[in-house]
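Try each task before you read its solution.

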Amino acid sequence: MTTYPGPKPGAVNGFVGAVGNTPLIRLNKLSEKTGAEIYGKAEFMEPGGSVKDRAALWVVMDAEKKGLIKPGGTVVEGTAGNTGIGLAHVCRSKGYRCVIYMPNTQSQEKIDLLRMLGAEVYPVPAVPFDNPENYNHQARRHAESLDNAVWTNQFDNVANRQAHIESTGPEIWAQTNGGEFDGFIAATGTGGTLAGTTRYLKDKSQGRIQCWLADPPGSVLHQFIQNKKLERTGNGSMTEGIGQGRITENLKPEVEAGLIDNSLHVPDADSIRTVYEMLDEEGIYIGASSALNVWAAGQMGAKMGKGSRIVTIICDGAYRYQNRLFSRKWLESKGLDKAIPDHLQRYIVL
Ligand code: PMP
């Protein structure tokens, strides 16, 4: 019997070969409504379901390249969600153990999913970053206590932003016929997506493409871009995975180089309404951070003028959040039920 040594032409090599190369979707109704051309990078089509598959793959490849982890080793990370899911997939496919520390405020579904993907999960008390028992510090100590183990440290490990310099940025460039667009906008959690993509697009377009931050309530980044002050705008958000209280190492180089041209603050009412509008008008089922990005892209298009072409990131699908986003009780608890217009109320089915 002959065994074929690699994937057939046109196929990809395993799970990690399937990361990236997501479609860029023209959002037709939103483009019609705004008079701009709005495009969303469909990261909900990643093999692990979110934009964080890219960062997960790059931090593991970086650890391999630096000799920090060898076959049979262990990857340890502190994460509340998508990065852990991406890492669990990457680790299974590459034969590493995956250990995840997360705040015990996270949903049971996430803990269950991580365990089903083969990760060892430690839900720990949710305490602030300056407390040594914070989940990130526990993850670091766990890695230090093992041989052949690495703490991937997504917030300050710049292999995260490198994923977007080497994959997201070039893909968007190619999908727009060599940069035929005017603006890019995205929210940040670790900052990897915004910073890495901005770096690539600014370099390739020689500064022409405008790169803006979209920021949820409770984050300090909007004030920082506007006034150089690390001050929160609003008090916390129903969006998950975005908003930040500091300038991470992933974000720092672009912020310091002044490459983030502007920022928009996005209230939760606009994000949640956009979840429903995207479903009703475009047939796309997106999470709240993606909805925030899409709404912000519409605003950016309106500000840049008729015919401007804007690209944003659709970070993940609504599947991981549907028990919240489509639950009347949850919407009421957040004061967001009235944000859903009458003609979209029929989608509130839980
Ligand atoms: N959206 C979701 C749903 C996320 O989980 C994350 C990552 N925490 C982001 C957006 C932001 O991505 P980044 O960490 O690259 O800033």
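**Exercise 1. Find the loop that holds asparagine 148, and decide whether this residue is buried, partly exposed or exposed.**

Step 1: Asparagine 148 sits in the loop between α6 (135-144) and β6. Helices (H or I, at least four residues) and strands (E, at least two) are DSSP runs, numbered from the N terminus. This is a predicted model, in which local features need pLDDT of at least 70 and side-chain atom pairs count only at pLDDT 80 or more, while totals for chains, interfaces and linings use all residues. Residues are numbered from 1 along each chain as its sequence is written.

Step 2: A residue is buried if 20 or more other C-beta atoms (placed from the backbone) lie within 10 Å of its own, exposed if 12 or fewer, and partly exposed in between. Asparagine 148 has 13 other C-beta atoms within 10 Å, so it is partly exposed.

Step 3: Its phi is near 50°, a positive value in a residue other than glycine.

**Exercise 2. Work out how much of α4 is buried, and what its buried residues pack against.**

Step 1: Helix α4 covers residues 82-94 and has 13 residues. From first C-alpha to last it reaches 18 Å, close to the 18 Å expected at 1.5 Å a residue; the expected span is 1.5 Å times one less than the number of residues.

Step 2: Since 10 of the 13 residues of α4 are buried, the helix is largely enclosed by the rest of the structure. Among the buried ones are Ile85, Leu87 and His89.

Step 3: These buried residues pack against α1, α3 (52-65), β3 (74-78), β4 (97-103) and α5 (108-116).

Step 4: Just after α4, glycine 95 takes a positive phi of about 80°.

**Exercise 3. Name the two domains and describe where they touch.**

Step 1: The protein chain is divided into domain 1 (15-46 + 161-347) and domain 2 (51-151), with bounds from an automatic or database domain assignment.

Step 2: In all, 18 residues of domain 1 are in contact with 11 residues of domain 2, where contact means that C-beta atoms, placed from the backbone, lie within 7 Å.

Step 3: On the domain 1 side, the elements giving two or more residues are α1 (14-17), α7 (159-175) and α8 (192-204). The largest share, 5 residues, comes from α7.

**Exercise 4. Where does the ligand lie relative to the two domains?**

Step 1: There are 19 residues around the ligand, and Gly189, Thr190, Thr193, Gly241 and Ser289 come nearest. A residue is near a molecule if its C-beta atom, placed from the backbone, lies within 6 Å of it.

Step 2: Domain 1 and domain 2 both give residues to this shell, so the ligand lies between them.
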